[in-house]
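Here is a short briefing on one protein. Look at the sequence and the model before reading on.

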Amino acid sequence: YDSDNPNVFWDELREGWEVTWYENSKLTARPFPVKKFGIERAKMEAFKFFDELKEAGKLGERLKVEQPQDGVFYDQRMQSWVCFFWRNGRPHSRCFAATKYGFEGAKTLAVAKQNDPVSGLLHNRGSGGTPQDIKVKGRPPQELKKKGGPVGNKY
């Protein structure tokens, strides 16, 4: 069960050989189970598959990410930039998804949030929150619910 290649190894749990490689900066694996191939053939198939990946140029590098500052880091599992900060004497954390904001955009948001934790970054652009006509006129929500006007008894 020995292999000179660290990307081809014996997986005790699945009882087979496994090939791992990075594709699009994500770890990918393919098992070669003993139940399907047998011990020797499974190992040969795993090495053959790894050689095919190498010839096709599909072996990528692991994504190397450096922290821009203390308290901001990239979480591989969540695919997000995470920042830690203090507000009103309490610790907080926020995640900014690389899938939503892009890799560099999420990193920029996390750094900016840590530098300015009180104001925040994502301002309301008219979607969600209180409707603009209520904000402008300043009517209390209780008056909006009543059908009979400001004096009505029924909702």
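The model is predicted, so local features need pLDDT of at least 70 and side-chain atom pairs count only at pLDDT 80 or more, while totals for chains, interfaces and linings use all residues. Residues are numbered from 1 along each chain as its sequence is written, and side-chain values use heavy atoms, leaving out hydrogens and water.

**Overall make-up**

- The protein has six helices and six strands; helices (H or I, at least four residues) and strands (E, at least two) are DSSP runs, numbered from the N terminus.
- Read from the N terminus, the order of elements is β-β-β-α-α-β-β-β-α-α-α-α.
- Of the 155 residues, 23% count as buried, where buried means under 20% relative accessible area, exposed over 50%, and partly exposed in between (1.4 Å probe, protein chains only).
- Of the contacts (heavy atoms within 4.5 Å) between residues at least 6 apart in sequence, 33% join residues at least 24 apart.

- Strand S2 (residues 16–23) and strand S3 (residues 26–33) run antiparallel and are joined by eight bridges; two strands pair if DSSP finds at least two bridges between them.
- Glu-23 is opposite Lys-26 in S3.
- Two residues lie between the strands of this hairpin, and Asn-24 in the turn has a positive phi of about 55 degrees.

**Glu-18 in S2**

- Glu-18 is part of strand S2 and is buried, at a relative accessible area of 7%.
- The side chains of Glu-18 and Arg-14 make a polar contact of 2.7 Å; such a contact is a pair of N or O atoms within 3.5 Å, and within protein one must be able to donate a hydrogen and the other to accept it, with residues adjacent in sequence counting only if both atoms are side-chain atoms.
- Leaving aside residues up to four places away in sequence, Glu-18 touches Asn-7, Val-8, Phe-9, Asp-11, Ala-29, Arg-30 and Pro-31.

- Strand S4 (residues 72–75) has Val-72 and Tyr-74 on its covered face, and Phe-73 and Asp-75 on the uncovered one.
- S4 pairs with strand S5 (residues 80–87) in the antiparallel sense over four bridges.
- Tyr-74 has Trp-81 in S5 as its bridge partner.
- Four residues lie between S4 and S5 in their hairpin, where Gln-79 takes a positive phi near 55 degrees.
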